[in-house]
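Colleague: Could you take a close look at the place where the two chains meet and walk me through it?

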Amino acid sequence: MGSTTAITDAVKMCQKNPELWDKILDLIGRLGWNGNDNKGVYSSYNIRTLRNLYAKYADREKDMENVLLTACSGSEYYHNNLMPLAQRQRFDYLNQIISTRLENIDFLTQSKRKAKTA
Amino acid sequence: MSVDAVNEEMQKVRNIEGFSGDAERAIVSSLVASAKANSRIGGKIYLVVPPMYIHFPKWQRCRVDINHASRIGTEYNEGKWDPVKVFVVNGQFVCFEGMHRVYGTFLVNRQGVLIELLEISLTEAIYLFLSQGKTRYQLKPTDYIRPSLVVEEPEYVAFQDICHTHNVTFLGMMTR
């Protein structure tokens with residue numbers, strides 16, 4: 001599928017939390033970012049970005065993954081939207097998408113509950 | 001801890017042991033003469049001296065990391081640590097490289113530390129210190145992978161296994 005260069009980050013993760021490394025590789029695979037030989041898909045830029053997103057959304061991991069899979073999938077998406085960005089920008093970019101979508105989901109859920117109780 | 005404080009601490013021990021002033025110069029001179037005659041191996045001069053014999057120069061670092069030095073002292077391993085590099089100025093052994101090794105062995109009261117005596121002046125020592133890292137190969141993260149996999153370090157094994165599960169390769173990957 002690809003080649004990783006994030007050795008130091010990955011080994012540290014495997015020491016403290018190997019499940020997280022597993023989740024990150026699994027998510028990148030499902031996102032399909034590396035489908036078209038995009039360079040640096042498994043680089044420390046993306047690994048750190050996803051690690052930080054997992055940390056930020058620790059209580060809503062599945063929701064975060066679903067948002068990314070819905071909104072940010074595909075090698076073309078990665079090539080056009082993420083590849084030109086630096087590491088911090090990638091985090092901001094993806095975090096913006098996730099937080100907006102999660103807010104929308106929460107709003108819709110609350111609206112449905114209100115409608116049911118009314 | 002500042003280098004001055006470390007030098008002061010070691011000087012107190014030197015004074016108690018009578019290793020200061022003329023006595024120090026005489027002992028150092030005798031050790032150096034003997035080593036030059038008897039301990040020259042491949043152009044290098046090696047000798048074993050108590051760590052308190054070695055002074056720390058003020059032109060190098062301004063602080064000594066006590067935790068780091070203590071760890072070296074308690075986990076001292078001849079195979080891991082190179083000999084400390086030392087040169088002589090005004091009849092005193094002055095540390096050129098290995099300050100933490102010397103202070104670490106001093107803290108745990110080791111009887112002797114292996115030193116390599118450099119026959120250079122103070123100016124030459126400073127220039128050598130400035131250039132020492134330029135041509136030395138620095139180990140990269142990928143250099144640790146294969147040896148760690150051979151001795152089955154758990155984090156490296158987990159790293160390789162998880163990568164293998166997701167069909168992700170890395171430089172240094174080994175077939176198991």
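Modeller: β1(A) runs parallel to strand β7 (residues 168–170) of chain B, and the two pair over three bridges; strands pair here if DSSP finds at least two bridges between them. In β7(B), the residue facing Gly2(A) is Val168(B). Bear in mind that this is a predicted model: local features need pLDDT of at least 70, side-chain atom pairs count only at pLDDT 80 or more, and totals for chains, interfaces and linings use all residues. Residues are numbered from 1 along each chain as its sequence is written, chains are lettered from A and ligands numbered from 1 in the order written, and side-chain values use heavy atoms, with hydrogens and water left out.

Stepping back to the whole interface, 16 residues of chain A touch 14 of chain B, contact being heavy atoms within 4.5 Å. Together the chains bury about 1300 Å², 71% of it from carbon and sulfur atoms; that is accessible area (1.4 Å probe) lost on putting the two parts together, summed over both. On chain A's side, Ile7(A), Val11(A) and Leu25(A) supply 35% of the buried area, more than any other three residues. β1 (2–4), α1 (7–16) and α2 (18–31) of chain A each bring at least two residues to that side (helices are DSSP runs of H or I, at least four residues; strands are runs of E, at least two; both are numbered from the N terminus). The largest share, six residues, comes from α1(A).
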